[in-house]
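This report concerns aromatic contacts and their surroundings. Please consult the sequence and the structure shown here before reading on.

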Amino acid sequence: MSAVIETHDHNHHHGPAKGWQRWVYTTNHKDIGTLYLWFSFIMFLVGGSMAMVIRAELFQPGLQIVAPEFFNQMTTMHGLIMVFGAVMPAFVGLANWMVPMMVGAPDMALPRMNNLSFWILPFAFTLLLSTLFMEGGAPNFGWTFYAPLSTTYAPDTVTFFIFGVHIIGASSIMGAINIVATILNMRAPGMTLMKMPLFVWTWLITAYLLIAVMPVLAGVVTMMLMDIHFGTSFFSAAGGGDPVLFQHVFWFFGHPEVYIMILPAFGVVSQIIPTFSRKRLFGYTSMVYATSSIAFLSFIVWAHHMFTVGMPLAGELFFMYATMLIAVPTGVKVFNWVTTMFRGSLTFETPMLFATSFVVLFTIGGFSGLMLAIAPADFQYHDTYFVVAHFHYVLVPGAIFGIMAGVYYWLPKWCGNMYNETLGKCHFWLSFVGMNLTFFPMHFVGLAGMPRRIPDYALQFADFNQISSIGGFMFGATQLLFLYIVINAIRSGKPASQQVWESAEGLEWSIPSPAPYHTFSTPPEVK
């Protein structure tokens with residue numbers, strides 16, 4: 001007890017930490033959310049610059065700018081950094097900021113662990129990026145790091161990569177445990193589970209996915225480490241192992257992982273669309289069940305990434321039908337969003353532009369996913385640019401647009417200032433056009449047989465690749481405008497009014513829907 005009193009006394013005398021100490025020692029969920037968001041944006045620019053290298057090389061046929069080996073390092077690092085450095089930390093940042101406020105909690109359940117979750121990330125990514133400057137070069141085996149390319153034939157730097165992945169995984173697990181503990185234990189009185197805003201629901205389900213699959217990723221990289229340094233043969237046929245085992249363990253993590261990157265975006269757009277439609281979300285309960293169904297099904301579809309490894313016909317059929325089944329709850333969500341907008345009083349401010357394009361473009365990604373789910377057809381699509389087109393239509397308009405929508409939507413709430421709406425709309429339209437120019441042509445070159453992850457290509461693919469590269473440079477440059485918009489809003493934006501988004505029926509933009517009873521308002525029965 002005396003220790004507690006002393007600590008409290010100590011804090012009382014010295015006041016809150018100033019300058020860099022505020023950020024290094026912080027246990028405040030808002031500060032930690034801000035750290036995650038800025039870190040993820042830096043990683044977004046780093047990973048994006050690698051994509052620019054890739055698109056510059058592919059601007060015309062032949063080998064122009066980089067050596068094939070470096071091209072492979074760029075594809076690998078781009079994927080790893082965008083998935084683990086940009087998308088996931090950004091969603092964790094949004095969760096840190098919004099989940100405690102949405103459930104009426106004073107902070108996250110485990111504030112000091114929250115600080116650790118964030119601060120190990122910059123070290124993990126510094127480690128990963130430093131491999132670019134080491135002898136042997138950065139990992140060159142693709143972001144899915146299939147064995148034996150990542151074990152028997154890998155550069156020595158693979159060991160640093162494995163350590164980096166372990167640290168990132170530890171961060172994700174701690175963050176997820178924190179979110180589950182916060183949501184289950186710290187909701188305000190009256191906030192039942194079925195009254196929680198959908199963003200909270202999607203994050204609760206995402207957190208369970210993270211806790212379930214990050215140890216699997218840790219397992220597969222540990223097996224790699226054993227194969228590389230300790231003489232085991234998990235993935236080596238020569239020692240009685242099997243390289244296909246790597247694919248099974250990796251995708252058992254990897255498929256739920258892609259849903260980890262999209263479910264929080266579902267939550268974000270489920271907050272935004274009702275606001276700008278001036279209507280309650282249509283089908284709240286079905287949205288919760290649909291999200292849960294998607295999460296469950298994500299565990300039983302992993303081998304659809306592996307139709308070409310020679311699995312039994314029964315296996316192909318099972319994974320084909322299970323994968324197609326995910327289209328059902330996903331379709332439920334799309335129809336609910338559209339129905340929410342139907343006959344609403346729609347306005348198209350920047351968050352709504354990102355949210356509506358999310359629905360349309362994510363659906364396109366869903367349709368190409370259904371095509372890839374057809375096992376016999378997948379033999380043709382596999383390892384072509386059609387796959388690249390598919391997952392970028394899910395991840396760019398899906399995850400990235402979802403994050404951007406959330407930032408525009410909540411930024412006035414975070415900093416008290418409004419962003420420049422005209423510039424926000426410019427950012428949206430340039431991103432929208434650039435993104436479609438980049439990835440839509442990839443469907444065509446993919447169906448025509450252009451293989452992915454290759455720095456050169458046949459002459460007939462030149463025109464579409466040139467269009468893709470121009471779109472890519474356009475999209476990449478536009479994100480510097482986003483940076484300007486955010487900094488400008490924080491520094492010198494007009495103060496945000498209480499009613500930032502003019503709203504009907506008291507559905508004011510910062511109040512989650514369905515509106516909870518707060519501890520600080522009169523309970524309904526007392527009125």
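## Aromatic cluster

Which residues form one aromatic cluster together with Phe84? In this predicted model, the cluster comprises Phe84, Phe141, Trp143, Phe145, Tyr146, Phe161, Phe234, Phe235, Phe246, Phe250, Trp251 and Phe253.

A search of the whole structure finds 46 aromatic pairs. One of them joins phenylalanine 145 and phenylalanine 161: the ring centres are 4.8 Å apart and the planes stand at 75°, so the geometry is edge-to-face, given that angles over 60 degrees are classed in this way.

Phenylalanine 145 is located in the loop between helix 5 (111-130) and helix 6 (158-185), while phenylalanine 161 belongs to helix 6, so the contact ties together parts that are 16 residues apart in sequence. Both phenylalanine 145 and phenylalanine 161 are buried.

## Asparagine 488

Helix 17 (residues 462-492) contains asparagine 488. Is asparagine 488 buried or partly exposed? Its relative accessibility is 23%, so asparagine 488 counts as partly exposed; the buried class requires a value under 20%.

The C-alpha atoms of asparagine 488 and tyrosine 419 are separated by 7.2 Å, although these residues are 69 residues apart along the chain.

Terms used:
Residues are numbered from 1 along each chain as its sequence is written. This is a predicted model: local features need pLDDT of at least 70, side-chain atom pairs count only at pLDDT 80 or more; totals for chains, interfaces and linings use all residues. Side-chain values use heavy atoms; hydrogens and water are left out. Rings of Phe, Tyr and Trp (its six-membered ring) pair if their centres lie within 6.5 Å; planes under 30 degrees apart count as stacked, over 60 as edge-to-face and the rest as tilted. Helices (H or I, at least four residues) and strands (E, at least two) are DSSP runs, numbered from the N terminus. Buried means under 20% relative accessible area, exposed over 50%, partly exposed in between (1.4 Å probe, protein chains only).
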